[in-house]
Amino acid sequence: MLLRCFSRTTCSMSLRNCTSVTEFILLGIPNTQGLENMICVVFLTFYTFSLLGNLLIFLTILASSNLHSPMYFFLGNLSMFDILFPSVNSPKVMALLLGQSHTISYQGCACQVFFYHTLGGTECFLYTVMAYDRFVAICHPMRYMVIMNPRVCIGLTVGTWLGGCLHGSVLTFLTFRLPYCGPNEVHSFFCDIPVVLPLACADSSLAQMVSFTNVGVVALLCFFLILTSYIHIIFSILKIRSSEGRRRAFSTCTAHLTSILLAYGPVILVYLKPASSLWLDAAVQVLNNVVTPSLNPLIYSLRNKDVKLALRKVLVQATHPSGVLHMRMWNHTSVTEFLLMGIPHTTGLENAFFVLFLAFYLLTLQGNLLILLAILTSSNLHTPMYFFLGNLSVFDIFFPSVSSPKMMLYLMGQSHTISYQGCASQLFFYHFLGCTECFLYTVMAYDRFAAICHPLRYTVIMSHGVCVIVTLGTWLGSCLHASVLTFLIFKLPYCGPNEVHNFFCDIPVVLPLACADTSLARTVSFTNVGVVALLCFLLILMSYTHIALSILKIRSSEGRRRAFSTCSAHLTSILLFYGPVVLIYLRPASSPWLDSVVQVLNNIVTPSLNPLIYSLRNKEVKLALRKALSQGLHIHRG
């Protein structure tokens with residue numbers, strides 16, 4: 001229902017007037033003309049600090065066994081929200097400050113409102129849960145681990161997500177069920193209820209009252225629950241006889257109290273004050289969106305000895321002179337190299353496999369290099385669709401290069417060993433490039449959605465700036481994904497055996513060799529890979545559902561065929577990509593032989609097929625390839 005109300009092709013919910021506005025203009029921060037570059041630098045500084053600081057806190061909590069307690073479990077969740085929350089609007093703000101288009105699509109505006117209030121509501125609920133955690137720890141210390149057991153912690157965290165999602169859905173539905181006929185100027189640097197609702201060309205009193213009540217009830221309810229918890233905490237602290245005991249008990253709450261004040265101040269000023277001031281609203285939103293998330297890592301680490309000690313340990317070991325990626329942590333790993341056992345049950349077939357792998361690897365390099373050169377040299381292919389295809393070709397050159405050269409060396413009779421650092425590097429780059437490709441397929445699906453469902457606005461939606469930012473986003477997201485996985489796997493001790501039952505290092509074959517409890521690493525890696533794959537798949541499915549509905553509306557069969565032909569190659573690649581991912585990571589049982597066969601398909605065969613898939617039925621690519629090859633031959637003869 002919510003998705004239907006975002007569609008501009010239908011006027012859902014029986015509205016009397018159809019929305020004619022297809023995009024909004026973000027006017028930015030008032031009275032800041034001429035200061036764009038300076039403000040962009042400030043935004044970028046705080047945003048970068050927010051990402052790095054919260055990521056460091058999150059990784060420190062994962063790495064340190066001393067921090068595996070309910071208090072730090074919730075702090076880890078808060079760090080994740082403080083990474084996501086400023087990412088809702090900061091990239092768009094910096095793009096418009098750099099002189100990019102100030103427009104945002106109707107759907108983009110609705111998404112900003114939804115994710116802003118979903119993450120904001122979830123964070124509000126999380127602060128309440130953290131206050132309850134401190135109440136239990138101080139008022140019921142003997143029963144703390146019983147009351148706040150892992151199941152309760154996970155249940156409370158899931159509850160905060162669901163509550164935040166419901167909160168964001170209600171507010172977005174109320175705001176965007178109204179018709180917007182113009183004007184379309186949003187007096188802020190992002191879309192939010194106080195600046196979007198006044199633009200509605202219908203009575204917005206109901207939406208205004210319900211959204212005000214919703215935000216007010218959530219904020220006040222959470223505030224009163226936090227206040228109740230802290231009243232009990234204060235009474236319990238006052239009962240402690242020693243001043244040292246009182247100081248230590250209160251010190252565990254100071255960081256949380258500081259964060260609550262920083263979180264609630266902007267909420268009250270923006271949503272719960274009677275009168276509106278554009279400049280004050282924008283200034284407070286900057287504080288709420290960018291500054292506060294960047295301060296939380298400092299607040300929770302400056303006066304917390306456990307966090308400071310764990311941070312120091314992680315930073316010292318990450319900058320160890322013997323290498324950045326070795327990540328042996330404090331676990332006294334004795335294994336210095338691993339033994340790659342290769343593909344099971346293939347003894348005596350090494351020469352045949354070498355020729356086969358070499359053929360596929362050379363085909364992959366040549367095919368993808370040709371596609372990339374054709375796109376670079378042909379001006380007809382300088383469009384968003386081929387820009388992303390060029391990026392895919394680059395990844396299809398690098399992806400098999402992570403494991404293929406080493407594999408071919410030991411098939412030729414060279415050493416089967418790989419160093420500890422080499423194994424960590426393989427795992428990092430394999431998941432970094434694999435995840436980037438996963439994100440890229442999702443972006444390519446959205447590109448096809450924009451081209452088929454909004455052909456007249458395609459070049460506006462998929463502008464050069466948007467394409468570059470989205471591509472950089474895929475790189476950064478994948479780097480985060482791969483860093484978390486590699487960190488989790490190689491923080492564990494490896495004392496022996498060291499036999500890897502595959503032809504390269506990956507999570508399913510390396511993790512069982514650890515001589516410590518791998519349950520946390522297994523759960524987080526499974527969840528991480530699963531969430532990324534599932535989220536990307538759902539977004540691709542959503543794009544193609546809209547595409548299929550749009551194609552069915554085309555009257556001529558020739559028009560339907562041409563529209564679908566632009567998607568067939570992408571769909572084929574997605575099926576080839578997702579099949580191995582599901583078989584390797586998301587099935588319950590493991591089979592070394594099947595894992596190796598599927599990995600061969602994923603690592604070597606699929607990247608070699610992509611150039612064929614994208615060129616065989618694409619006239620533009622075939623023409624550009626023929627032109628590039630003929631020019632190359634002409635230059636060679638000349």
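User: What share of the contacts with a separation of 6 or more comes from residues 24 or more positions apart?
Analyst: In this predicted model, such residues account for 79% of those contacts in the protein chain.

User: And how much of the chain is buried?
Analyst: The protein chain has 638 residues, and 50% of them count as buried.

User: What about the surface?
Analyst: The accessible surface of the protein chain is about 30,600 Å². Carbon and sulfur atoms hold 70% of that area.

User: How many helices and strands are there?
Analyst: The protein chain has 23 helices and six strands.

User: Which strands make up the open sheet, and in what order?
Analyst: Three strands form the open sheet, in the order β2-β1-β3, and the pairing is mixed. The edge strands are β2, residues 103–105, and β3, residues 185–186, each of which pairs on one side only.

User: How do β1 and β2 pair?
Analyst: Strand β1, residues 23–26, runs antiparallel to β2, with three bridges between the two. Within that sheet, Ile25 stands opposite Thr103 in β2.

User: Which helix lies across β1 and β2?
Analyst: That is helix α5, residues 106–139, and it runs at about 85° to β2.

User: How far is Tyr116 from Gly168?
Analyst: In sequence the two are 52 residues apart, and in space Tyr116 and Gly168 are 7.6 Å apart, C-alpha to C-alpha.

User: New topic, the largest nonpolar core. Which residues touch the most other members?
Analyst: Those are Phe338, Ile489, Phe490 and Tyr494, in a core of 94 residues. Helix α16, residues 420–453, gives the most to this core, with 20 residues.

User: What does the second core include?
Analyst: The second core is separate and has 83 residues, including Val21, Tyr106, Ala249 and Ile299.

User: Where is the pLDDT below 50?
Analyst: One such stretch is residues 1–17, which has 29 contacts in the model beyond near neighbours in sequence. Another stretch with pLDDT below 50 is residues 320–332, with 34 contacts beyond near neighbours in sequence.

How values were computed: Residues numbered from 1 in each chain as written. Predicted model: local features only at pLDDT ≥ 70, side-chain atom pairs only at ≥ 80, totals over all residues. Heavy atoms only, no water. Pairing = 2+ DSSP bridges. Helix = DSSP H or I, 4+ residues; strand = E, 2+ residues; numbered from the N terminus. Contact = heavy atoms within 4.5 Å. Axes fitted to C-alpha atoms, helices over the stretch in contact; angles between N-to-C directions. Core = buried A, V, L, I, M, F, W, Y, C linked by side-chain atoms within 4.5 Å. Buried < 20%, exposed > 50% of the residue type's maximum accessible area, 1.4 Å probe, protein only. Areas by Shrake-Rupley, 256 points an atom, 1.4 Å probe, with all protein chains shown as cover. pLDDT = per-residue confidence, 0-100.
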